[in-house]
Amino acid sequence: MGHLERLKGRKAIVTGAAQGLGEALLERIAKEGADAIGWDINYERMESTTRRIAELTGRKVLPAKVDVTDAEAVRKAVDEAVEQLGGLDLMICNAGILISGDSITFDINDWRKVIEVDLVGYFICAREAIRVMLPNKYGVVIQINSKSGKRGSYKNTAYAASKFGGIGVTQSLALEFAEQGIRVNAVCPGNLLDSPLWVNSLFKQYARNQGLTEEEIRQKYIQQVPMKRPCTYEDVANVVVFLASDEASYMTGQAINVTGGQEMH
Ligand SMILES: NC(=O)c1ccc[n+]([C@@H]2O[C@H](COP(=O)([O-])OP(=O)(O)OC[C@H]3O[C@@H](n4cnc5c(N)ncnc54)[C@H](O)[C@@H]3O)[C@@H](O)[C@H]2O)c1
């Protein structure tokens with residue numbers, strides 16, 4: 001399969017793993033030798049995704065229906081994952097939503113919803129994972145953040161606020177648990193222009209917000225990247241695998257850009 005099994009024997013959860021980047025990350029960590037549970041609110045899709053990946057990789061890859069904003073459900077699902085996998089040493093917090101819009105008319109319930117899923121949901125999942133990692137004094141938490149966690153994003157106040165906040169959570173958890181063998185880092189991808197998020201939703205939202213066609217939006221977002229190409233799942237997965245592995249054992253509290261040079265801070 002061309003992978004080095006750098007995560008052999010790891011026991012992992014990936015949130016928001018039914019489709020998109022989460023699905024790609026679940027597949028990659030299984031190819032790298034991890035057993036994993038994929039969480040999503042879309043259980044039907046999560047089930048077919050895990051079945052496909054389990055058949056492809058021969059690893060234990062199981063689905064669970066979990067809403068990352070439901071603290072009680074997350075606590076239970078972490079305990080179940082520990083039973084099913086025999087432990088937990090990798091938590092990939094990927095579940096996220098994006099609702100963009102003009103700030104004057106932005107529905108405040110939508111604004112709160114983005115914060116609830118992308119920020120509060122991240123904190124809930126991270127702390128429940130750390131709770132079960134602590135007795136072993138070993139574990140890795142990785143948040144899928146965004147370049148919008150480093151720099152404001154046009155007509156995207158809720159998303160940028162949630163992602164900036166996520167870096168605060170990452171750094172603070174890293175400090176709190178550094179002496180106990182838990183590493184907490186974030187990865188900040190650029191625009192995954194071929195992901196369902198863009199194809200099914202963002203091209204339409206941005207075309208409307210910016211008064212351009214969907215094709216013009218695609219070209220505009222490519223032109224903003226010094227390397228002049230979109231971000232791919234593989235670009236992100238390569239960094240996630242590195243951060244999850246012991247090669248990154250001296251790294252915690254970091255938010256690593258994977259943006260083709262678009263973000264440098
Ligand atoms: N697509 C991009 O260009 C891009 C760029 C940078 C960062 N990201 C980040 O990557 C992550 C994944 O994005 P994606 O593009 O794959 O999105 P996506 O919408 O394709 O997938 C997100 C998944 O999360 C699930 N989900 C949503 N709310 C949930 C909840 N409350 N509990 C559990 N699962 C939930 C959805 O059902 C879906 O399967 C997000 O955190 C996003 O902010 C994406």
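I sorted the residues of the shell around the ligand by type and got 15 nonpolar, 10 polar and 3 charged. In this sorting Ala, Val, Leu, Ile, Met, Phe, Trp, Tyr, Cys and Pro count as nonpolar, Asp, Glu, Lys and Arg as charged, and the others, Gly among them, as polar.

I note that this is a predicted model, in which local features need pLDDT of at least 70, side-chain atom pairs count only at pLDDT 80 or more, and totals for chains, interfaces and linings use all residues. Residues are numbered from 1 along each chain as its sequence is written, and side-chain values use heavy atoms, with hydrogens and water left out.

**Ligand**

I counted 28 residues around the ligand, taking a residue as near if one of its heavy atoms lies within 4 Å. The closest are Gln19, Asp40, Asn94, Tyr159 and Trp198.

I then looked up polar contacts (pairs of N or O atoms within 3.5 Å; within protein, one must be able to donate a hydrogen and the other to accept it, and residues adjacent in sequence count only if both atoms are side-chain atoms). Asp67 places a polar side-chain atom 2.9 Å from a nitrogen atom of the ligand. For Val68 I found a backbone N or O atom 3.0 Å from a nitrogen atom of the ligand. The side chain of Trp198 has an N or O atom 2.8 Å from an oxygen atom of the ligand.

On its own the ligand has 830 Å² of accessible area, and the protein covers 92% of that. Areas come from the Shrake-Rupley method with a 1.4 Å probe; for residues, only the protein chains shown count as cover.

Which elements give two or more residues to the shell? They are helix H1 (20-31), H5 and helix H6 (196-210), and H6 gives the most, with 3 residues. Helices (H or I, at least four residues) and strands (E, at least two) are DSSP runs, numbered from the N terminus.

**Strand E6**

I checked burial along E6 (residues 182-189), with buried meaning under 20% relative accessible area, exposed over 50%, and partly exposed in between (1.4 Å probe, protein chains only). 8 of the 8 residues are buried, so E6 is largely enclosed by the rest of the structure. Side chains in a regular strand alternate between the two faces of the sheet. Here Ile182, Val184, Ala186 and Cys188 point one way, and Arg183, Asn185, Val187 and Pro189 the other way.

For strand pairing (at least two bridges found by DSSP), I looked at both partners. E5 (residues 139-144) pairs with E6 in the parallel sense over 6 bridges, with Gly139 opposite Ile182. E7 (residues 255-258) runs parallel to E6 and is joined to it by 4 bridges, with Ala186 opposite Ala255.

I also recorded that E5, helix H5 (residues 157-177) and E6 make a right-handed β-α-β unit; with the strands pointing away from the viewer, the path from the first strand over the helix to the second runs clockwise.

**Single residues**

Most residues other than glycine have a negative phi. I found a positive phi, near 50°, for Lys155, which is in the loop between E5 and H5 and is partly exposed at 25% relative accessible area. Lys228 has a positive phi near 55°. Lys228 lies in the loop between helix H7 (214-223) and helix H8 (233-244) and is partly exposed at 42%.
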